[in-house]
Amino acid sequence: KPLPLNLIDIEDDMLLETLSERGVAHEELRLVGAKLCVDHPIFYNRIIFPIETIKSKTFTGITILTKKRVRNIQKKAKEKGKKFRKSLFPKGSFLSEVLYGYNTNNGYESLFVVEGIWDWFAIKKHIQGAVALLGSSISRRQASLLSKTKAKTIYLMLDGSVSIDVLKKLHARVTTVCYDKVVRVCILPEGKDPDEATKEEISESIVNSRVYLF
């Protein structure tokens, strides 16, 4: 899907609270081609990230709101029987067929798989090879993409809210498809997401990562 119109460059003087909260610099967004949408019925005031995975091209729109504001809006939306999504894909795009950062991060011996784009930025500060699922599941298509990388070891570092049972299923799927790779699971302390964890906590989860989950 083509990018929406009316996108503007993200300048240093733009006070985007979510960047301060996430510890992401304006320059980091510019380096990955992210822009701000200023006029669109769906993507207005969202940060637009282009995504390209082999033959698939699409984009997603990430909210500029802080975590606290998102939680409040989600709570109110739920009370009204509606749903507020932190990230939006364009209609007709195939979420399960892409991996954010894939084309620039598939040449490393170790590859870390996280859920969201903010997690991706957090991991990239410490580790070079990383891709984001843009969700909490791994499709066979995404597993197939992982199998095509040069990585010898794949680390699944999903959000702390993902249960052990789900991690077992995702680990089994990736292991089955990526049969020539070692697939390890990292579990962060206290149910944290990668973008909430410290460098020490991330390092410890890597050291204690598991090949088998029982």
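**Entry 1: helices H5 and H6**

I looked up the contact of H5 with H6 and found that Arg140, Ala143, Ser144, Leu146 and Ser147 in H5 meet Arg173, Val174 and Val177 in H6, contact being heavy atoms within 4.5 Å. I sorted the residues of this contact into 4 nonpolar, 2 polar and 2 charged. For this sorting, Ala, Val, Leu, Ile, Met, Phe, Trp, Tyr, Cys and Pro count as nonpolar, Asp, Glu, Lys and Arg as charged, and the others, Gly among them, as polar.

I note that the model is predicted, that local features need pLDDT of at least 70 and side-chain atom pairs pLDDT 80 or more, and that totals for chains, interfaces and linings use all residues. Residues are numbered from 1 along each chain as its sequence is written, and side-chain values use heavy atoms, with hydrogens and water left out.

I then took the axes of H5 (residues 140-147) and H6 (residues 164-177), which come within 9 Å and cross at roughly 50 degrees. H5 is therefore oblique to H6; angles under 35 degrees count as roughly parallel, over 145 as roughly antiparallel, 65 to 115 as roughly perpendicular and the rest as oblique. Axes are lines fitted to C-alpha atoms, for helices over the stretch in contact, and angles run from 0 to 180 degrees between N-to-C directions. I recorded the crossing of H5 and H6 as right-handed, the near helix being turned clockwise from the far one by less than a right angle.

Helices (H or I, at least four residues) and strands (E, at least two) are DSSP runs, numbered from the N terminus.

**Entry 2**

I found E3 (residues 46-53) and E4 paired in the antiparallel sense over 8 bridges; two strands pair if DSSP finds at least two bridges between them. E3 and E4 form a hairpin with 2 residues between them, and Ile54 in the turn has a positive phi of about 55 degrees.

I followed Ile62 in E4: Ile47 stands opposite Ile62, and Ile62 also stands opposite Ser87 in E5. E4 and E5 (residues 87-88) pair in the antiparallel sense over 2 bridges.

I checked the burial of E4 (residues 56-63) and found 7 of its 8 residues buried, that is, under 20% relative accessible area (1.4 Å probe, protein chains only).

**Entry 3: the open sheet**

I read the order of the open sheet of 4 strands as E7-E6-E8-E9, with parallel pairing. E7 (130-132) and E9 (182-185) are the edge strands, each pairing on one side only. Neighbouring strands of this sheet are turned by 20 degrees against each other on average, direction ignored.

I found E6 (residues 110-114) and E8 (residues 153-156) paired in the parallel sense over 4 bridges, and Ser110 stands opposite Thr153 in E8.

How values were computed
Buried < 20%, exposed > 50% of the residue type's maximum accessible area, 1.4 Å probe, protein only.
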